[in-house]
Amino acid sequence: MDAADPRWNTSEVPWQQLYYQGNADRLRAVKAKWDALGVFRHTLAIGDQD
C-alpha cells in the first residue's frame, strides 16, 4: 500500500491513521477477540505493524 511507503506518503501523517481512519482501537479489540492467536496476518493488518 502506498500509504505505508514513505516515498509515497509524504503527508507526515502516520500510515495507520490514513489507513484505519480513526478505527484502530475498535479494530484492535475485534482482532484480540476473534484472532487472539494471530492466525490472520497481513503486512498492513491491525496488530502486525501498527
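Figure 1. Trp-15 is buried, with a relative accessible area of 11%; here buried means under 20% relative accessible area, exposed means over 50%, and partly exposed lies in between, as found with a 1.4 Å probe and protein chains only. The model is predicted, so that local features need pLDDT of at least 70 and side-chain atom pairs count only at pLDDT 80 or more, whereas totals for chains, interfaces and linings use all residues. Residues are numbered from 1 along each chain as its sequence is written, and side-chain values use heavy atoms, with hydrogens and water left out. Rings of Phe, Tyr and Trp (its six-membered ring) pair if their centres lie within 6.5 Å; planes under 30 degrees apart count as stacked, over 60 as edge-to-face and the rest as tilted. The count by this rule is three aromatic pairs. In one of them, the ring centres of Trp-15 and Tyr-20 are 6.1 Å apart and the planes stand at 50 degrees, so this pair is tilted. In another, Tyr-19 and Tyr-20 have ring centres 5.1 Å apart and planes at 80 degrees, and the pair is therefore edge-to-face. Tyr-20 is buried at a relative accessible area of 7%, whereas Tyr-19 is partly exposed at 38%. Trp-15, Tyr-19 and Tyr-20 form one aromatic cluster.

Figure 2. Lys-31 belongs to helix α2, which covers residues 24-34; helices (H or I, at least four residues) and strands (E, at least two) are DSSP runs numbered from the N terminus. Lys-31 counts as buried because its relative accessibility is 18%. Its side chain makes a polar contact with the side chain of Asp-35 at 2.6 Å. A polar contact is a pair of N or O atoms within 3.5 Å; within protein, one must be able to donate a hydrogen and the other to accept it, and residues adjacent in sequence count only if both atoms are side-chain atoms. A polar atom of the Lys-31 side chain also lies 2.6 Å from the backbone oxygen of Phe-40. When neighbours within four places in sequence are left aside, Lys-31 is in contact (heavy atoms within 4.5 Å) with Ala-36, Gly-38, Phe-40 and Ile-46.

Figure 3. Most residues other than glycine have a negative phi. Glu-12, which is not a glycine, has a positive phi of about 65 degrees. This residue is found in the segment before α1 (15-20), and Glu-12 counts as exposed at 80% relative accessibility. Gln-21 likewise has a positive phi, near 50 degrees, and is a residue other than glycine. The loop between α1 and α2 holds Gln-21, which is exposed with a relative accessible area of 57%.

**Figure 4. The setting of these views in the protein chain.** The protein chain has two helices and zero strands. Its C-alpha trace spans about 35 × 20 × 10 Å along the principal axes. Of the 50 residues in the protein chain, 22% are buried. Among contacts between residues at least 6 apart in sequence, 31% join residues at least 24 apart.
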